[in-house]
Amino acid sequence: MPDDTRARQRTGTGLGLLLVLVLAAVLLTALPDDGEREGGGACTPHSVASWSADKDLNAEFVRYGDDPSRGDDWTGGDGTHSVRLPDGRLLWLFSDTYLGQVYAPPNPFGESFTWRDTTAPLVRNSAVVMRDGRLERTLPTPLFPDPGPGQWRWPVAARVEPRSPGSSDHVLRVLLWVRTAGQPPWIFGVPTATEVATLSLPDLRVESVVKVFDQQLVPDPSRRVLFGTTLVEEGGWTYVFGGDDGQAASRPASHAYVARVREGRLAEPGAWQYWNGSAWAGGADARPRAVLGDGQRTGVGSAFSVARVRGTYVLFTMAAGTEGLTTVTSYWACSPTGPWHGPTRDFSPSLPQGGGQVAAYNPQTHPELSDDGRLVLSYDVNWLETGGAAAQLNRNVSLYRPRFVALKVAPTR
C-alpha cells in the first residue's frame, strides 16, 4: 500500500515543496477506497468478545432432520452455507448430505439416539429452503450433478446478483468446488476446479455451470487453490476468498487467497481478478498469492469465513495444530488483501459426546441472520475415524449436523 510518509522531505525551496504536494496528490489518487485501504474508514482491531449457542437455529435443524415423515429430505450434512433470496426465503446449501428415513430412539444398540438405516443414501450436495425461520423442504438432490466419472461438486458460498451488470433480472450464483477421487492423503478428493452455477429465481432451476478457475494442471495438489469458501460484498465488488489444501499435505495450516469480481459478473471467467501480492491481475496468467498463512502457526483451515464488521474485515477459521479439531480463532484486517493480524481470541463451541472422536470444522458466518456486531456462525461436526464414520453417523444422526452460535464481535481494547 502507498504510504504518505514516504513523501515527507525537509523544508526546501518553493519548487521542492510544490513537487512534494504534487507527489502526495498522485499517491492519494492512486489509493483504493476505504474498503481496501489499510487503516481506512472505521477499521480497528476486532475479536470475539463473547459467544453463546443459538438455541432456536439448533432446535430447528433438529426438528427438520429428525422428522420421520419423509425419506427423501435432508437428515444431516456438512459444508453449511446460506443465502437470502429476494422473496425473503433463506436457502441453505450443503456438501455431503444424508437423506433417507430416520427412526426414533432407541437405536439398534439400545442408545437414546435418533438413527437412520445403514442403507440411507449419501449425496454430494443438497439445498434446503427456509421461510420465516422454519425449514420447509429439500430441493431434488443432488442439486448439482457430478461433472464426470470420479468427480463431484460441493457448493460453497452464494449470492444474488444481476444477471449482467445493470440488469433488472436477478439470478442466484453458487460457487462450486470440483474434486476428483484420489488416494490417501486425498481421502476427501483432489482439488480440481472452481465453478459458478447460475440458478433462476424464484424457482431455483440450474441454468448453467461455468468453470472459472481450473487447477488440473497444477502438479502439486497441495498448491491448488479453490475459491468460494466465503464472499464479501463491498463497493460494487464481490471479494471471493479461497484456500489451498495444505492440511491434506500434513501442514498444520493452509493459506488464504482472495479474488474479486464486479457485481453481475461472477459467472464470467474473464472478469475475475486475483491478488498476486502487489496488484489485482486477471487472465490466464494470473497467479494468486496467499494473503494469510505461513503454513505453521498462522493460516486457515480448508474452509473459513470472512465478515465485515464496522469497517473491519474479520476472518474465522479453525485454529492451527491439534486445536483445529475443537477451537475457532479469528484474524482481522482493514483490507481483503491484508495484512491480516492475529490469531486473536479463541473459543471452543460445544461438541456432542463421542469419546474424543468428534471434531468441529468449517466455521461459516451467516450475514443474513446477523446484525452489526452480532454474527451468527455455524460449524460442522463429524466423526474423526474415517473407517467407521458412516456407521457412527447413522447410529446417532445428530453427529453430522451443523451447530450454531451467536458471536459478539467488538473492538479489541
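**Ground rules.** I'm working on a predicted model, where local features need pLDDT of at least 70, side-chain atom pairs count only at pLDDT 80 or more, and totals for chains, interfaces and linings use all residues. Residues are numbered from 1 along each chain as its sequence is written, and side-chain values use heavy atoms, with hydrogens and water left out.

**Overview.** I looked up the secondary structure and got three helices and 25 strands. These are DSSP runs numbered from the N terminus (helices: H or I, at least four residues; strands: E, at least two). Next I checked burial: 52% of the 413 residues count as buried. Buried means under 20% relative accessible area, exposed over 50%, and partly exposed in between (1.4 Å probe, protein chains only).

**Salt bridges.** How many salt bridges does the count come to? I got 21. Arg163 sits in the loop between β11 and β12 (170-180), while Glu207 is in strand β14, 44 residues apart. Arg163 is partly exposed at 32% relative accessibility, and Glu207 is partly exposed at 31%.

I also looked at Arg308 and Glu234, which form a salt bridge at 3.0 Å, N to O. Arg308 is in β20 (305-309) and Glu234 in β15 (226-234), so this pair ties together parts 74 residues apart in sequence.

**The sheet around β14.** I followed β14 into an open sheet of four strands, ordered β11-β12-β13-β14 with antiparallel pairing. Two strands pair if DSSP finds at least two bridges between them. β11 (151-162) and β14 (206-214) are at the edges with a single partner strand each, so one side of each has no neighbour in the sheet. β13 (190-199) and β14 pair over seven bridges; Thr198, for one, has Ser208 in β14 as its bridge partner.

**Disulfide.** I searched the whole structure and found one disulfide (a pair of cysteine sulfur atoms within 2.5 Å). Which residues form the disulfide? They are Cys43 and Cys334, with sulfur atoms 1.9 Å apart. Cys43 lies in the loop between α1 (14-30) and β1 (46-53), and Cys334 in the loop between β22 (328-333) and β23 (358-365), so the pair ties together parts 291 residues apart in sequence. Both Cys43 and Cys334 are buried.

Definitions and conventions
A salt bridge is a side-chain nitrogen of Lys or Arg within 4 Å of a carboxyl oxygen of Asp or Glu.
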